[in-house]
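Here is my note on the model you sent. Please read it with the structure open.

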Amino acid sequence: MQIRFESSRKEVSQMNTEALRENFLVPDIFENDKINFVYTHYDRVMIGGAIPATKSLQLETYDALKANYFLERREIGIINIGGDGKITADGNTFEISKLGCVYVGKGTQEVTLSSNDPANPAVFYLLSSPAHQSYPARLFTKEDATPVTIGSMETSNHRTIYKYIHLDGIQSSQLVMGLTVLQTGSVWNTMPSHVHDRRMEAYCYFDVPQNQRILHLMGEPSETRHLWVADRQAIISPPWSVHSGCGTSNYSFIWGMAGENKDYTDMDAVAIADLK
Ligand SMILES: O=C(O)C(=O)C[C@H](O)C(=O)CO
Ligand SMILES: [Zn+2]
């Protein structure tokens, strides 16, 4: 498992393209018949992917966790961006379709991921953070997520936000998670932009057409940098960084956070005119 250490604001402002990508892009987590994770030192959030293509996959512990099983001191949010699948958590089975989310809490010993049809396997995005309290495993479909549509065609940022794990949704110890779908013709996410010093964030872009890309913006508002991101790649956003993107077509992305609070609305807005 790859480990990503933290970088300071000053270091980031001096990084070249390669260093920015090495530190903040998570390019290869989705692989057939494997669970892959990157362990970050940003609130100790782990970013992962799993495609149970020809066999079911079991969440195993890692030496870096020094835990008897993966969720001994952690919780996990799982969103399916592929075909229909199943998640079993200590004998409880959840049927999960595309854009569905399953939360599994601390203390769950066995988590198994599987696909219903090997010809169209489930593709699971995984986000895990340390947990100090146990909450029950739950499934939310995208309809359960009380979708909210914001932005407009005029500003090319018309999009629908689905919140799954947050203060008023699925309960967790500190994990917050959901996804955003851009409407056809809209390309900007999270613009106007924001920061939240209280929480780190990770984005995983998906349904990005082949040969199209997302220009993801990061860095302090007055010192922005960019990463070119392809389909099914994730990015790490430090708590002091903006996290916003513009696509060469419309697309969707999963966002997830951990840190001081679970209040989705706790954001410090950045005026567009203040971005540099
Ligand atoms: O399109 C958006 O705006 C978002 O999806 C914003 C993210 O949800 C976010 O950054 C939450 O902190
Ligand atoms: Zn944010």
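The points below run from confidence and overall fold to the ligand and the annotated site.

1. Confidence. This is a predicted model. The protein has a mean pLDDT of 98. Of its residues, 100% reach 70 or more. For the complex, the predictor gives an ipTM of 0.99 and a pTM of 0.97.

2. Secondary structure. The protein has 24 strands and two helices.

3. Overall dimensions. The radius of gyration of the protein is 18 Å. A compact globule of 276 residues would come near 19 Å, so the value agrees with that expectation. Along the principal axes, the C-alpha atoms fill a box of roughly 50 × 40 × 35 Å.

4. Packing and contacts. Buried residues make up 47% of the 276 residues. Take the contacts with a separation of 6 or more: 72% of them join residues 24 or more positions apart.

5. Ligand shell. Which residues are around ligand 1? They are Arg159, Ile161, Thr180, Asn189, Thr190, Glu201, His243, Trp255 and Met267. By class, the shell has four polar, three nonpolar and two charged residues.

6. Annotated site. An unreviewed UniProt entry places the feature "binding site" at His194, His196, Glu201 and His243. These positions span 50 residues in sequence, yet no two of their C-alpha atoms are more than 11.5 Å apart, so they gather at one spot. Glu201 and His243 are also listed around ligand 1.

7. His194. Where does His194 sit? It is found in strand E17, residues 193-195. Is His194 buried or partly exposed? His194 has 16 other C-beta atoms within 10 Å. Burial needs 20 or more, and exposed means 12 or fewer, so 16 counts as partly exposed. Leaving out residues up to four places away in sequence, His194 touches Met267, Asp268, Ala269 and Val270.

8. His243. This residue is found in a loop, between strand E21 (233-237) and strand E22 (244-247). His243 has 26 other C-beta atoms within 10 Å. The cut-off for burial is 20 or more, so His243 is buried. Again leaving out residues up to four places away in sequence, His243 touches Thr190, Glu201, Tyr203, Met218 and Ser237. Glu201 is another position of the annotated feature.

9. His194 is partly exposed, whereas His243 is buried. His194 lies in a strand, and His243 in a loop.

Technical notes
Residues numbered from 1 in each chain as written. Chains lettered and ligands numbered in written order. Predicted model: local features only at pLDDT ≥ 70, side-chain atom pairs only at ≥ 80, totals over all residues. Near = placed C-beta within 6 Å. Nonpolar A, V, L, I, M, F, W, Y, C, P; charged D, E, K, R; others polar. pLDDT = per-residue confidence, 0-100. UniProt positions renumbered as here; feature names shortened; annotations may be inferred. Helix = DSSP H or I, 4+ residues; strand = E, 2+ residues; numbered from the N terminus. Contact = placed C-beta atoms within 7 Å. Rg over C-alpha atoms; globule rule 2.2 N^0.38 Å.
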